[in-house]
Amino acid sequence: NMRLGMGLGLGNLLSGQPLTGFPNDFSFNFDGSNDYLKIEDNSGLAFVDGQAFSASIWFKTSSSSEQYLFDNRSSNEGFTALVNASGTNYLGYITDGSSNATFTSTVDYDDGAWHNFAFTWDGTDTIKSYIDGSLVGTGTQALGEIDGGDLYIGSQAGGSTKFFNGQLDEFAVWNAELSSDDVAKIASKPVDFSKASTYATDRTSNLKLWLRAGDKALPEED
């Protein structure tokens with residue numbers, strides 16, 4: 001079993017202490033066969049037409065298999081991200097159920113090192129994707145309301161396939177389009193998302209979800 005530290009709004013640390021380095025002593029470990037974290041569908045992660053939003057996650061894997069970082073699509077509406085996609089090198093997309101805005105990269109990330117992935121959506125037609133703070137793709141596609149379902153961390157929506165094999169941490173969602181400077185600061189090291197100094201512009205009021213592993217009383221292998 002994995003203990004889940006879940007922050008809504010400003011996001012609270014389960015450990016009560018900020019991280020001082022990375023990799024940190026605690027992270028969510030996934031075995032690639034049946035592990036995932038599930039967050040029940042809630043209105044805080046539904047983005048109506050015209051609402052900008054962004055997401056960021058740290059990941060580490062040595063597996064070359066296609067595997068999901070996160071996915072909340074319901075009736076093929078929502079947002080998703082994966083690595084090592086077979087043949088296409090896509091990192092995922094957001095969709096209103098009929099049209100997709102896709103983000104891509106030409107690199108497979110199976111080197112066993114920590115990486116940060118982030119995407120931003122301007123609420124209208126532009127999506128940007130970043131790896132380790134650097135812009136790797138820009139796509140345009142007009143979309144309507146984006147209202148997914150249950151959010152799965154470490155597997156495809158439904159928790160039945162393409163499980164992540166490795167470690168995930170520091171997953172966050174904002175109801176704002178982060179700037180490239182925001183993303184660069186977030187990707188430079190694990191940060192306290194509830195502090196204004198984390199960002200180039202204060203985004204603390206826009207933080208909708210923050211997941212961090214960090215319970216000192218529970219060993220990482222649990």
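Colleague: Glu170 and Arg212, buried or exposed?
Modeller: Both Glu170 and Arg212 are buried. Keep in mind that this is a predicted model.

Colleague: What do the side chains of Glu170 and Arg212 form?
Modeller: A salt bridge, with an N to O distance of 2.5 Å. Glu170 sits in strand S15 and Arg212 in the segment after strand S16 (207–211), so the pair links distant parts of the chain, 42 residues apart.

Colleague: Which residues are joined into a network by salt bridges that share partners?
Modeller: Lys38, Glu40 and Asp150.

Colleague: And how many salt bridges is that by the rule?
Modeller: The count is 6 salt bridges. One of them pairs the side chains of Glu66 and Lys162, at 2.7 Å from N to O. Glu66 is in the loop between strand S5 (53–60) and strand S6 (67–71), while Lys162 is in the loop between strand S14 (151–153) and strand S15 (165–174); the two are 96 residues apart.

Colleague: Why does Lys162 count as partly exposed?
Modeller: Because its relative accessibility is 31%, and partly exposed covers what lies between the under 20% of buried and the over 50% of exposed.

Colleague: What about Asp71, which residue does its side chain meet in a salt bridge?
Modeller: Arg73, at 2.7 Å from N to O. Asp71 has a relative accessible area of 0%, so it is buried. Arg73 has 18%, and it counts as buried because the cut-off is under 20%.

Colleague: Which charged residue is buried yet has no salt bridge?
Modeller: Asp192 is buried and has no salt bridge. The nearest side chain of opposite charge is Lys195, 4.1 Å away.

Colleague: What polar contact does the side chain of Asp192 have, then?
Modeller: One of 2.6 Å to the side chain of Ser194. Leaving out residues up to four places away in sequence, Asp192 touches Thr198 and Trp210.

Colleague: Where is Asp192 placed?
Modeller: In the loop between helix H1 (180–188) and S16.

Colleague: Changing topic: which residues does Gly149 touch?
Modeller: Not counting residues up to four places away in sequence, Gly149 touches Asp41, Asn72, Arg73 and Ser74. Gly149 lies in the loop between strand S13 (146–147) and S14. With a relative accessible area of 13%, Gly149 is buried. Its C-alpha atom is 9.8 Å from that of Phe79, 70 residues apart along the chain.

Colleague: Now the whole protein. How many helices and strands are there?
Modeller: There are 1 helix and 16 strands. Of the 222 residues, 50% are buried. Among contacts with a separation of 6 or more, 66% are between residues 24 or more positions apart.

Colleague: Where is the confidence lowest?
Modeller: In strand S1 (residues 6–8), with a mean pLDDT of 33, whereas H1 is highest at 95. Over residues 1–23 the pLDDT is below 50, and beyond near neighbours in sequence this stretch has 60 contacts in the model. Where pLDDT is low, the predicted coordinates should not be read in detail.

Colleague: And what is the mean pLDDT of the protein?
Modeller: The mean is 81, and 83% of residues reach 70 or more.

Definitions and conventions:
Residues numbered from 1 in each chain as written. Predicted model: local features only at pLDDT ≥ 70, side-chain atom pairs only at ≥ 80, totals over all residues. Heavy atoms only, no water. Salt bridge = Lys/Arg side-chain N within 4 Å of Asp/Glu carboxyl O. Helix = DSSP H or I, 4+ residues; strand = E, 2+ residues; numbered from the N terminus. Buried < 20%, exposed > 50% of the residue type's maximum accessible area, 1.4 Å probe, protein only. Contact = heavy atoms within 4.5 Å. Lys, Arg positive; Asp, Glu negative; His and termini not counted. Polar contact = N/O pair within 3.5 Å; in protein donor to acceptor, adjacent residues only side chain to side chain. pLDDT = per-residue confidence, 0-100.
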